[in-house]
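Here are my notes for anyone opening this entry for the first time. Have the sequence and the 3D view side by side as you read.

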Amino acid sequence: MLTIAIDIDGVISPVVNQAASANHTNTMRSIVRSTSLSYWLTSAQPVPEYHCWPQDQYRWSVKVMFGTFVAEPVIQLLHELDANPDVQILWHSSWRLYAADELAPFIGVGQQWPQFATEAEYNGRYSGWWKQRAVSRWLRTHASDPSAHLLWIDDDIKDADDVLETLGAHPQLTMISPQLRLGLTPEHVEQIRELVRTHDRPSEEGAA
């Protein structure tokens, strides 16, 4: 089984200056106000300031966490992974329940994905980065299963020296760390697909 622990900001959704994007494309029209929040409503879709996919391949929602971009090829990848019985995807993001409640309906997948980190890990009851604690716990509990492999995708990994030093060479772990303003790139998407293919090969050969 390939397990995927996936972040949202800087991974599925690039983090951009939404106001600057809207101004750049002259789409900002009005402010919508409710009793608890205000957000920009655009009459046409803005585009990210920085992008690694064609601009017309980005899906935009002003209602998901105050504005969210997701590239259509990334959405397609998530649907592919979700449909693969040999892959389990879990949310590993500070969005926590908002991932399933807000983002998942927008991208059409992920409503049933569980949280990778426990509440105790997320609440920071132990020392260190809560996401790293959860990954370390998974590696400990799956140490006796050589077929288990974890793909951890998070934009903060590349800046976490302790993670790279302690987990970088672990045989059961692959880490992908996109740029915050780009999210998953075409190269990352192909890398993930290749990992899925590689992980599937032993079972396919064994069944032959």
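1. One term before we start: two strands count as paired if DSSP finds at least two bridges between them. With that in hand, look at L150, whose bridge partner in β8 is L173. In total, 4 bridges join β7 to β8, and the two strands run parallel. Keep in mind that this is a predicted model.

2. Now the overall picture. The protein chain has 7 helices and 8 strands. Of its 208 residues, 46% are buried. Among contacts with a separation of 6 or more, 58% are between residues 24 or more positions apart. The chain exposes about 10700 Å², with carbon and sulfur atoms supplying 51% of that.

3. Back to the sheet that holds β7 and β8. It is an open sheet of 4 strands in the order β6-β1-β7-β8, with parallel pairing. Which strands stand at the edges? They are β6 and β8 (173-176), each with a single partner strand, so one side of each has no neighbour in the sheet. From one strand to the next, the twist averages 20°.

4. Next, have a look at helix α5, residues 130-141, which packs on this sheet and touches β1, β7 and β8. Its direction makes about 170° with that of β7.

5. How much of α5 is covered? Mostly it is: 9 of the 12 residues are buried. The buried set takes in W130, W138 and L139, and also K131, Q132 and R133, among others. The cover over these buried residues includes β1, β7 and β8, along with α4 (119-122) and α6 (161-167).

6. On to the largest nonpolar core, which has 39 residues; I4, I6, I12, W91, L103 and I153 touch the most other members. Several elements supply at least two residues each, including β1 (2-6), β6 (87-91), β7 (149-153), α3 (97-107) and α7 (186-207). There is also a second, separate core of 17 residues, which includes L90, A134, V135 and V163.

7. Not counting residues up to four places away in sequence, L103 touches I8, I12, V64, T68, V70, W91, W95 and Y98.

8. β5 pairs with β4 through 4 bridges, and here the strands run antiparallel.

9. Last stop: V87, which lies in strand β6. Is V87 buried or exposed? Its relative accessibility is 9%, so V87 counts as buried, the cut-off being under 20%. Apart from neighbours within four places in sequence, V87 is in contact with M1, L2, I4, L81 and V196. V87 and H199 sit 112 residues apart in sequence, yet their C-alpha atoms are 9.5 Å apart in space.

Terms used:
Residues are numbered from 1 along each chain as its sequence is written. This is a predicted model: local features need pLDDT of at least 70, side-chain atom pairs count only at pLDDT 80 or more; totals for chains, interfaces and linings use all residues. Side-chain values use heavy atoms; hydrogens and water are left out. A nonpolar core is a set of buried Ala, Val, Leu, Ile, Met, Phe, Trp, Tyr and Cys residues joined through side-chain atoms within 4.5 Å. Buried means under 20% relative accessible area, exposed over 50%, partly exposed in between (1.4 Å probe, protein chains only). Contact means heavy atoms within 4.5 Å. Axes are lines fitted to C-alpha atoms, for helices over the stretch in contact, and angles run from 0 to 180 degrees between N-to-C directions. Accessible areas come from the Shrake-Rupley method with a 1.4 Å probe; for residues, only the protein chains shown count as cover.
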